[in-house]
Amino acid sequence: MSMRVVDVRGRTVTLAEAGNGAPLVYLHGFADVHAVAGELLPFHQRLARHAKVIAPAHPGCNGTDELDSCSIDDVIFHYLELLDATGLARFDLIGHCVGGWIAAELAVRHPERVGRLTLIGACGLFVPGEPIADVFMHAQPERGTDSSSLRSLLFAEPDGPVAKRWFPDGRGDLDEEVRRYQMLRFGSFVGFKPPYFYHRELRERLYRAAMPALVITGERDRMVPPAHARTYHDELPEAARLELVHGAGHAVHLEQPDKVADRIVEFHKQHRDEFADAQFDATTHA
Amino acid sequence: MAYPHLPADFDERYDTGWVTVPNSLWDKDKSRGLYQQFIDQLAYADEIGFDGMVLNEHHQNIYGLMPSPNLIAAALTQRTKRGKIVILGNLLPLHLNPLRVAEEYAMLDNMSDGRLIAGFAPGSGPETFNYNVPSAPTRAQFWEAIDLVERAWTEPGPFAHEGRHYPLRYVNPWPQPTQKPHPPIWIPGSRSRDTLVEIAKRGHCYFLSSRSHGKETARSQQLFAQILQEHGDRYTPDRMGILMSAYVAETDAQAQAEAKEGVWYFLKNCLKGHLRREGRQLTFGPGIPYIAPAEFRNFLKGSDPTTPLLGDAETWDDLQESASIIVGSADTVYRRIMDILTHSKVGNLLIQFHLGNMPDALTRKSMRLFATEVAPRLRADSAALFDREFPDTARAREMAT
């Protein structure tokens, strides 16, 4: 695994990379690489056995420069510039939470560049009566030190070891605290208003994202209600079966990393992408 | 201007006094005449010789019942003759177009015959939530809005404003303010260096929004002075103000006995959600990520989340230490405030007299004692202090007269 920085039109972007083969771009959420952890997590490592995982840190996160203007549109252009700068003409795409929203926006704009799309606990849609929970309110600790309500948004087991490892009570590791803050700040720029982590027009545009797609959600996701995954699943023309992971919350890939990674690998095998698989075969048989 | 009719067990039953505190607690019958009482107290301040009356803007809370300070200011223009009307301030990002604020402030300046002090604030955590105003991106918007208002007051209209956030073809507000070049502009800030730099760039005044005054207040003044100097400007005491609460009575013991109920009501109820660790603090923190990450890192290094806040005080001794709510005889209150002025060299004191559910009669008595027995000594002694500390300013004043 390696961390490197790339220059994108004068801006610094942090990339975490692992594995060989077809390029798989991973866009992170709140409980994730770059947002809490400074490096790739077991979920990404498992994917890296089958592909070249490329996980950029969002603007302002983990060493990536902030954007002067950071609307969802600015962020899409930022990613197009990054993809161009790193020579990624075509790639598989996975996004979690806000990263899922960005992935969906990229897929509807440039369907020709995305081989296979996976959305995990993705926000981005307005689903009437199913609001995305207020992560900012819950990020304010209770009694000054208690982060349990934030953990309960992000994890099925708010007091379990994974939840407490990444969102501890009281003051945690300084670098991790700052990374969590930077991710909330990015979230505030891109998704606070208007509207709240969604883009009303996205739903009507999903017909354009006609690549094979896999939609995954923790059945106990209390941040992005599973109704959002169902809507993505219904609107994406080539969506495979909706993957509802039992016993998992919003950070389903942290809570059940092997299961989620294996499901994605299986999905990629079921939906061979000529371009991507040629690259994978070339690297594995070399 | 707190809501004074909360149930006695509010603190046990409700986890916050801000944003989500249920408005079914509003008692329309008990609240009849409440705004009249606020306005009367402020008019009384003018009558007994205070330099000005300070209003602020808050939404959806029991701490300050003034979503629109401009309405109260309008009433004061008709009830008062002399004192400044200080609005600290209109929350610019809550307005679709800051020109509306430029217009209302210009009206108030005319209606008061040039007595307006124009404050602008970006809104803090509570407004982030209750008006859905994102904390981080609105900072840039805020400074553009201030500059647009200042332009609208000083540059002949109509002109076009090619701003990023408020592009306008025809900026030409009628009326124009009475004061020239424009009413003094005040901007509240915590201790963010970025805010002080923006204030210094524009030559405006700084109001430190902290409620507690220890060494940090002096440090803020020194930082502001240093930043002003970096911008070719010079600190003078009139450029900065601080916030505190006071209660004055005939003796220390009497002051404590009379103030006690209002003070504890204010601390335990009104500060819950703001300056108390109990419940969820909504004024600062990771969910309101408006300060730059490097500043947040410094904040984390220099703070401990288990440290009690003002509203966590359990005893009068705790309160005395924070130098925030100063209660005592005229002598005591004079001495303690003079001590703060000596260390911080701040020229403007914004003093809250009505605390929580304090009865009107006691509030007025305290205001009167302050105006007659504390303020004259503070004025004289601080003038002497500042003449010693800032001899250039003193000389300039002598030459002007």
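In this predicted model, strands S6(A) and S7(A) run parallel and are joined by 4 bridges. Strands are DSSP runs of E with at least two residues, helices are runs of H or I with at least four residues, and both are numbered from the N terminus. Two strands count as paired if DSSP finds at least two bridges between them. Chain B and chain A also share an interface, with 35 residues of chain B in contact with 27 residues of chain A.

Local features need pLDDT of at least 70 and side-chain atom pairs count only at pLDDT 80 or more, while totals for chains, interfaces and linings use all residues. Residues are numbered from 1 along each chain as its sequence is written, chains are lettered from A and ligands numbered from 1 in the order in which they are written, and side-chain values use heavy atoms, with hydrogens and water left out.

**Strands of chain A**

- Ile120(A) has Ile216(A) in S7(A) as its bridge partner.
- S7(A) also pairs with strand S8 (residues 243-245) of chain A, in the parallel sense and over 3 bridges.
- Thr217(A) stands opposite Leu244(A) of S8(A).
- Strand S7 (residues 213-218) of chain A is largely enclosed by the rest of the structure, because 6 of its 6 residues are buried. Buried means under 20% relative accessible area, exposed means over 50%, and partly exposed lies in between (1.4 Å probe, protein chains only).
- In a regular strand, side chains alternate between the two faces of the sheet.
- From S7(A), Ala213(A), Val215(A) and Thr217(A) point one way, while Leu214(A), Ile216(A) and Gly218(A) point the other way, and all are buried.
- Asp92(A) belongs to strand S5 (residues 91-96) of chain A and is buried, at 3% relative accessible area.
- The side chains of Asp92(A) and Arg116(A) are joined by a polar contact of 2.9 Å. A polar contact is a pair of N or O atoms within 3.5 Å; within protein, one must be able to donate a hydrogen and the other to accept it, and residues adjacent in sequence count only if both atoms are side-chain atoms.

**Strands of chain B**

- Strand S8 (residues 240-249) of chain B and S9(B) run parallel and are joined by 5 bridges.
- Within S9(B), Val327(B) is the bridge partner of Tyr247(B).
- Strand S9 (residues 325-329) of chain B is mostly covered, with 5 of its 5 residues buried.

**Salt bridges within the chains**

- Over all chains the count is 42 salt bridges. A salt bridge is a side-chain nitrogen of Lys or Arg within 4 Å of a carboxyl oxygen of Asp or Glu.
- One of them joins Arg113(A) and Asp84(A), whose closest N and O atoms are 3.0 Å apart. Arg113(A) lies in the loop between helix H3 (98-109) and strand S6 (114-120) of chain A, and Asp84(A) in helix H2 (residues 72-85) of chain A, so the pair ties together parts that are 29 residues apart in sequence.
- Arg113(A) is buried, at 14% relative accessible area, whereas Asp84(A) is exposed, at 51%.
- In chain A, a network of salt bridges links Arg241(A), Glu243(A), Arg263(A) and Glu266(A).
- In chain B, Arg202(B) forms a salt bridge with Asp147(B), with the closest N and O atoms 2.7 Å apart. Arg202(B) is in helix H7 (residues 193-202) and Asp147(B) in helix H6 (residues 138-154) of chain B, 55 residues apart.
- Asp147(B) is partly exposed, with a relative accessible area of 30%.
- Arg193(B) and Glu230(B) also meet in a salt bridge through their side chains (3.2 Å, N to O). This pair links H7 of chain B with helix H8 (residues 215-230) of chain B across 37 residues.
- Arg193(B) is partly exposed at 34% relative accessible area, and Glu230(B) is partly exposed at 46%.

**Interface of chain B and chain A**

- The contact count of 35 residues of chain B and 27 residues of chain A rests on heavy atoms within 4.5 Å.
- About 2,800 Å² is buried between the two chains, and carbon and sulfur atoms give 61% of this area. Buried area is the accessible area (1.4 Å probe) that two parts lose on being put together, summed over both.
- Between the two chains the count is 2 salt bridges, including that of Arg297(B) with Asp175(A) (3.0 Å, N to O).
- Across the interface, 16 residue pairs are in polar contact, both residues being at pLDDT 80 or more.
- Helix H5 (125-130) and helix H10 (293-301) of chain B are the elements that give two or more residues to the side of chain B that touches chain A. H10(B) gives the most, with 6 residues.
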